[in-house]
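My entries follow in the order I looked things up.

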Amino acid sequence: MYGGYNMKKRLFGLVLIMILALPLTSYGKMISPWAKEEFENALSNGIIPNQIMFLDYQDYIKRKDFCAIITKAYERIKNEEIVLKKDNYFQDTNDIYVNKAFERNLVIGVGDGLFNPDDYITRQEIATVLSRFLNQIDNLTYTISADIIL
């Protein structure tokens, strides 16, 4: 139902829009005109998790919030819910989306059983997660450095 390269490409585009352009809907800020159509598509495709629905999406994004977006996109594209083998993988968070992202090897944490969920995510961390995401979605091969972790 959601298969095909074009659908995957479109959902990947929606993920990027979510990361870069969403407004603070709870305070009535307008969606940028250039992002309106993709934002509405992301809403209708279930890519915006409830836990981040009312955050200021024009602000910096936290690591846990990025996990929520990428995990919802993963589940939507694969048309399957990620089932956790373990309730919690990190000492500093029990966030369901962080744990799901870890379960699918989209993120690995910062070491010593920590994830730092409330830190802001860096561009290199986003690139690493997106690379892992694409490898699993399209079976593409990207080379990522072992010293870049999320």
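**Fold.** I counted 5 helices and 0 strands in the protein; helices (H or I, at least four residues) and strands (E, at least two) are DSSP runs, numbered from the N terminus. Along the sequence the pattern reads α-α-α-α-α. This is a predicted model, in which local features need pLDDT of at least 70 and side-chain atom pairs count only at pLDDT 80 or more, while totals for chains, interfaces and linings use all residues. Residues are numbered from 1 along each chain as its sequence is written, and side-chain values use heavy atoms, with hydrogens and water left out.

**Confidence.** I looked up pLDDT, the predictor's confidence in each residue, from 0 to 100. The mean for the protein is 79, with 67% of residues at 70 or more. Helix α1 (residues 5-21) has the lowest confidence, at a mean of 63, and helix α4 (residues 96-103) the highest, at 97. Residues 21-29 have pLDDT below 50, yet the model gives this stretch 27 contacts beyond near neighbours in sequence; a contact means heavy atoms within 4.5 Å. Residues 140-149 are also below 50, with 16 such contacts. I leave the details of both stretches alone, on a general rule: where pLDDT is low, the predicted coordinates should not be read in detail.

**Totals.** Of the 150 residues in the protein, 43% are buried (under 20% relative accessible area; exposed is over 50%, partly exposed in between, with a 1.4 Å probe and protein chains only). Among contacts with a separation of 6 or more, 62% join residues 24 or more positions apart.

**Core.** Which residues have the most contacts inside the largest nonpolar core? I found F66, C67, I70, L106 and F133, in a core of 29 residues. Such a core is a set of buried Ala, Val, Leu, Ile, Met, Phe, Trp, Tyr and Cys residues joined through side-chain atoms within 4.5 Å. At least two of its residues come from each of α2 (36-44), α3 (63-78), α4 and α5 (123-138). The most come from α3, which supplies 8. I then checked L106: leaving out residues up to four places away in sequence, L106 touches I70, Y74, A101, V129, R132, F133 and Q136.

**Helix α3.** I found 12 of the 16 residues of α3 buried. Among them are R63, D65 and E75, as well as F66, C67 and I70. From first C-alpha to last, α3 reaches 22 Å, close to the 22 Å expected at 1.5 Å a residue (the expected span is 1.5 Å times one less than the number of residues).

**N79 and N116.** Just after α3, N79 takes a positive phi of about 60°; N79 sits in the loop between α3 and α4. N116 also has a positive phi, near 55°, and is a residue other than glycine. N116 lies in the loop between α4 and α5 and counts as partly exposed because its relative accessibility is 27%.

**N99.** Is N99 buried or exposed? N99, in helix α4, counts as buried because its relative accessibility is 0%. A polar atom of the N99 side chain lies 2.9 Å from the backbone oxygen of D95.

Note on methods
A polar contact is a pair of N or O atoms within 3.5 Å; within protein, one must be able to donate a hydrogen and the other to accept it, and residues adjacent in sequence count only if both atoms are side-chain atoms.
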